[in-house]
Structures are given as C-alpha cells and as structure tokens.
Amino acid sequence: MRLNLRFIIAIIVAAVSLFGYYFNTSKNEVTGETQHVNMSADQEIALGLQAAPEMAAQYGGESPNARATAAVQQVGQKIIASTKAGQTPYKFQFHLLADDQTINAFALPGGQVFITQGLLKNLTSEGQLAGVLAHEIGHVVGRHSAAQVAKSNLTQGLAGAATIASYDPNSPGSSIAKAAVAAAIAKVISLRFGRNDELEADKLAVDFTPQAGYDPRSMIQVMKMLEQQSGRSSTPEFMSTHPDPGNRIAELQKEIAAEFPQGVPAGLKE
C-alpha cells in the first residue's frame, strides 16, 4: 500500500509538471515559433530589471567610460529602431560593464543587454559590436530565458517525481544517487537546448544587422577572434555558455548565404 501510494504521488507530480509545460504555449511574433513559456512579457521585464544590478556587480559594475558606453547604447538602439525587436513590448537597455579582463556578453529577459569592456576592446569595428549586440537582442526577442525557465521547471518536476518513486526507506542513499543522475540528465538537456538557442540568436542577428545597416559577415570576424582567444591559457567566459566558434562560423556562413543568395549588398558598415 505504501509503495502504491508513493507511485501515485510520483505520477501526479510528473503529470502536473508535464501538463504545466505542454499546455503553456505562446506564439513568438518575431520568430513565428510556438514556444512553451509560462511568463508574460511584463514578467520577463520585471525579472530582468530585478536581476540586472546583481549581474552588473559580478563584472565590476557599470563602466565609467562614458564615451564607450554611449557608443554601445547608440549601436544597440539603432538595431532596435530598425528591426522587429523595436515592435516587441521589451524595454531594451544596453550596459557596458567595467570588467576589462573577462570576455563576455549576455542578455537578461525583458531587454537588459550587457557587454564587458574585455570583449569590447577585442572588437575592431562597429559592425562587430552590432553583431554581438544583435545576437543578444535575439536572445531577448526569442524569449530564450522564459523558455529555459519553463524547461527547468519541467525537468525539476520530473526529477522530483523520480525521486519520490525510487525512494527506498531501507536504503536512503539510493534515492540520493538516482536524484543526482536525474539532475545530471536535466543539465545535459538544458545544455542542448541552450546551444540551439545560441544558434537561433545568431540567425536573428543575421536578419537584424543588415536592417540596421551593418554587414552580417562582421559576426564571423567576432567568432574568429573568440576562437583565437579560446586557444590561449584562459578560456573566455563567453565560451562557457556559447557553442564552439568554429561550428558557429559554418552556421553563420550558411545563414548569410541563405539570406543573400546574390551576395551581401554593398554599402553595409563592417
């Protein structure tokens, strides 16, 4: 009886998790995809604003370089004004962070976009900066954070159900081991989805940069720079959450060729 009750509870927990994930769907007006999300745009904005100060503090806070900050904001807002990103409810703000050693850029849900001075100083053109920012804007309009939260809730719920079902009062350690395995599986799933998100953000950047007057091929130069940096003693933090630059270069080339079968138009800023 105790065994049956445990399995019934586990089934209920798993069913609630699955129901909550698969029946919370929303069509993304920018990508056209139907996504599993359980947050509204307003909730994404609030979450991003709440997390922004803490995230900035991890990288030395906002940069005191007013000129460089203004350049980042100008390029970012130009992309917003020229693309579908500006037609979304998100409130985009662009931040240059003081850390000049760490190579990283990231976006929080709702429109908070960050780039470190460490990455900025390794960029050699405005077009390269536009490519980095357009990629991060792609994460926001792609609602990747909201989708990741929904996936995390699903995997946590299923892991909890597995733990309940496998608990053996005569061998408590068994449930701990199985929960650890479940957590590891969840991490692998999240990493795979994360890589897909990165590639979609690259695709959106290929769409956005030409609309704002920038050459999308500048993004390939950014990838080559990151590839060079990854060969040094300290791997860029950017590489910990983004796919291998070599793989992304090939994907970028495919996307650019598909977007411009007759060749990239002349006159775009590199």
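T102 counts as buried, because its relative accessibility is 17% and the cut-off for buried is under 20%. This is a predicted model, so read everything here as a description of that model. As for where T102 sits, look in the loop that runs between β3 (93-97) and β4 (105-108). Its side chain has a polar partner too: T102 and D99 are joined side chain to side chain by a polar contact of 2.7 Å.

## The chain as a whole

Stepping back, the chain has 270 residues, and 47% of them count as buried. DSSP runs give ten helices and five strands. Take the contacts in the chain with a separation of 6 or more: 69% of those are between residues 24 or more positions apart.

The largest nonpolar core holds 47 residues, and the members touching the most other members are I79, F92, I115, L123 and I137. Helix α5 (residues 126-141) supplies the largest share of this core, with eight residues. There's also a second, separate core, made of seven residues, with A56, L97, L108 and F114 among them.

Setting aside neighbours within four places in sequence, F92 is in contact with Q77, I80, A85, G111, V113, I137, V140 and V141. One of those partners, I137, is itself listed with F92 among the residues that touch the most other members of the core.

## F114 in strand β5

F114 belongs to the second core, and its place is in strand β5 (residues 112-116). With a relative accessibility of 1%, F114 counts as buried. Beyond its neighbours within four places in sequence, F114 is in contact with A52, A56, H95, L97, A105, F106 and L108. Of these, A56, L97 and L108 are also named as members of the second core.

L123 lies in the loop between α4 (117-120) and α5. At 12% relative accessibility, L123 counts as buried, and it's one of the residues touching the most other members of the largest core. Not counting residues up to four places away in sequence, L123 touches I115, Q128, L129, V132, V222 and M225.

L123 and V222 are 99 residues apart along the chain, yet their C-alpha atoms are separated by 7.1 Å.

## Where α5 meets α8

Two packed helices are described by the angle between their axes and the distance between the axes. For α5 and helix α8 (residues 218-230), the angle is about 85 degrees and the axes are 8 Å apart. The two helices are therefore roughly perpendicular to each other, since that label covers angles of 65 to 115 degrees. On the α5 side the contact is made by G127, Q128, G131 and V132, and on the α8 side by S218, M219, Q221 and V222. By residue type, the contact divides into three nonpolar, five polar and no charged.

S218, in helix α8, counts as buried at 5% relative accessibility. Leaving out residues up to four places away in sequence, S218 touches S125, G127, Q128, K269 and E270. Two of these partners, G127 and Q128, are α5 residues of the helix contact.

Key. Residues are numbered from 1 along each chain as its sequence is written. This is a predicted model: local features need pLDDT of at least 70, side-chain atom pairs count only at pLDDT 80 or more; totals for chains, interfaces and linings use all residues. Side-chain values use heavy atoms; hydrogens and water are left out. A nonpolar core is a set of buried Ala, Val, Leu, Ile, Met, Phe, Trp, Tyr and Cys residues joined through side-chain atoms within 4.5 Å. Buried means under 20% relative accessible area, exposed over 50%, partly exposed in between (1.4 Å probe, protein chains only). Helices (H or I, at least four residues) and strands (E, at least two) are DSSP runs, numbered from the N terminus. Contact means heavy atoms within 4.5 Å. A polar contact is a pair of N or O atoms within 3.5 Å; within protein, one must be able to donate a hydrogen and the other to accept it, and residues adjacent in sequence count only if both atoms are side-chain atoms. Axes are lines fitted to C-alpha atoms, for helices over the stretch in contact, and angles run from 0 to 180 degrees between N-to-C directions. Angles under 35 degrees count as roughly parallel, over 145 as roughly antiparallel, 65 to 115 as roughly perpendicular and the rest as oblique. Ala, Val, Leu, Ile, Met, Phe, Trp, Tyr, Cys and Pro count as nonpolar, Asp, Glu, Lys and Arg as charged, and the others, Gly among them, as polar.
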